[in-house]
Amino acid sequence: MSATQLVWLRNDLRLADHPAIYEAQQQGDIALVVCLTPGQWQEHNESEAKFALREQLIDTLFLQAKSLNISLHVLHLKRFSDCAKAIPALCSEHHYQQVWWQNELPVHEAQRDDKVAQALEEGKIACQRLAPDLIVPTPVLNQQNGPFKVFTPFYKRWLQILIQQLSSPYPEPKAQSESIHSDHQSFRSKDFRDDLWPADYQAIREKLWRFCHNKEAQYDEDRDFPAVPGTSLLSPYLALGAIGPRDCLEAIMYVSQQNNRDWQASVWLKELAWRDFYKQLMGHFPDLSKSLPFKPETQQVRWNDSEQLFQAWCEGKTGFPIVDAAMRQLNQTGWMHNRLRMITASFLTKLLLIDWRKGEAYFMSKLIDGEFAANNGGWQWSASTGCDAAPYFRVFNPTRQSERFDPDGEFIKRFVPELKPLSAKEIHDPAPSVRSKIGYQAPIIDYKAARKKAISAFEDLK
DNA sequence: AGACCCTTGCA
DNA sequence: GCAAGGGTC
């Protein structure tokens with residue numbers, strides 16, 4: 001029997017824990033399709049690192065699918081709008097009767113999906129659009145049936161729903177009998193850092209389980225220290241969907257039970273809830289997809305246009321060691337520790353008073369794990385323009401943050417080698433004489449004055 | 001998911 | 001001097 005069901009994979013590049021793949025296979029043999037839309041991703045400022053990881057994941061996915069006699073089509077398109085022709089065309093060529101996918105919530109993605117659904121309908125091809133790829137895929141709503149605008153109550157309700165709906169991850173698809181045609185040419189990217197971010201599915205699963213076994217219990221204690229490998233390092237895989245949300249949940253629950261801990265108290269799970277929160281917000285508030293702030297009044301903030309200050313931030317030459325180390329980590333590795341994302345974002349939006357959208361775009365252009373909803377949510381949180389954001393007067397003191405979260409300057413020294421000779425005492429804010437001796441940038445702003453200016457820029461809005 | 005400043009209470 | 005606690009930005 002040849003395949004009749006087509007599953008369209010987007011940012012859910014995996015076979016296991018995949019509801020569309022599982023459901024589709026109940027109705028017949030399946031084939032898979034991925035649409036490459038590099039022009040669109042470029043418009044979304046997505047990084048080359050993420051693009052390269054996606055290619056690697058598609059390569060290994062292809063092999064994995066092949067071993068189950070499942071075809072994977074890779075369509076080389078430019079923009080989202082090309083999908084509305086390409087998908088129905090693929091269906092008629094191979095006589096697929098029904099197309100499946102998991103919805104995506106940001107505006108461009110939702111429009112793309114609507115257009116494809118419409119085109120399929122016109123071509124008399126059935127289409128099954130499933131809920132988004134979240135731990136709790138159903139909308140989490142308050143008592144007025146509206147979206148939550150504050151995380152904590154969202155989280156409480158989210159947990160309740162999660163407990164009601166608890167289910168195991170969807171199993172991998174079964175092997176099919178028909179032999180398949182394979183029209184995919186391996187990308188085999190030349191300089192992909194496979195050691196940092198393996199694209200092999202076995203290795204990725206191991207990363208998840210090893211984290212849950214060894215680190216998850218200490219996550220709350222360790223996650224704020226950039227010199228400590230205390231975070232999961234799974235974000236690139238979550239962003240592209242190489243691991244599924246229920247896979248994460250299952251690992252948390254299993255390991256918690258082994259260690260006699262309450263899985264509901266997992267702090268890492270709470271972070272995953274933030275992911276659901278920001279993604280669901282995208283669906284409720286289309287403005288978020290249009291470079292608009294959640295708090296409309298913050299449209300009036302008079303941001304600083306200085307290209308010089310912005311460049312200094314991008315390059316890690318602000319003269320604030322922790323900020324510079326963080327930006328250099330981003331530029332050199334395509335990844336930045338979460339605590340540092342908050343510090344650098346607060347620095348850009350508050351102390352430099354530069355538009356959060358410039359930081360948001362720069363992060364996307366460098367991050368291997370760049371994910372629109374989480375990145376936008378994080379930036380709007382830092383800039384105090386967002387939903388349940390930091391209050392406008394909350395300005396991170398980069399020196400204080402550095403002292404608290406990198407006390408020995410261990411992380412700083414890793415990425416700002418010129419500071420290696422300095423002691424733990426002086427590294428967070430070296431004296432002017434020390435700076436000139438070792439050739440390290442003077443601070444590009446005066447902290448106290450900048451803090452005042454930032455607070456009053458927001459107070460002017462009242 | 002903060003920081004700062006000014007108390008108070010103690011040495 | 002100073003830690004700890006509270007109000008304010």
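Start with Glu459 and DNA strand C. An N or O atom in the Glu459 side chain sits 3.3 Å from a sugar or linking oxygen of DNA strand C. That falls in the range of a polar contact, a pair of N or O atoms within 3.5 Å. Remember, this is a predicted model: local features need pLDDT of at least 70, side-chain atom pairs count only at pLDDT 80 or more, and totals for chains, interfaces and linings use all residues. Side-chain values use heavy atoms, without hydrogens or water, residues are numbered from 1 along each chain as its sequence is written, and chains are lettered from A and ligands numbered from 1 in the order written.

What else surrounds DNA strand C? Phe393 and Ile455, along with Glu459.

Helices (H or I, at least four residues) and strands (E, at least two) are DSSP runs, numbered from the N terminus.

Look at strand 2, residues 30-36. Seven of its seven residues are buried, meaning under 20% relative accessible area with a 1.4 Å probe, protein chains only. One side carries Ile30, Leu32, Val34 and Leu36; the other carries Ala31, Val33 and Cys35.

Which strands pair with it? Strand 1 (residues 5-9) runs parallel to strand 2, joined by five bridges. Strand 3 (residues 72-76) is also parallel to strand 2, again with five bridges. Pairing takes at least two DSSP bridges. Gln5 stands opposite Ile30, and Cys35 opposite Leu75.

Terms used
A residue is near a molecule or strand if one of its heavy atoms lies within 4 Å of it. A polar contact is a pair of N or O atoms within 3.5 Å; within protein, one must be able to donate a hydrogen and the other to accept it, and residues adjacent in sequence count only if both atoms are side-chain atoms. Buried means under 20% relative accessible area, exposed over 50%, partly exposed in between (1.4 Å probe, protein chains only).
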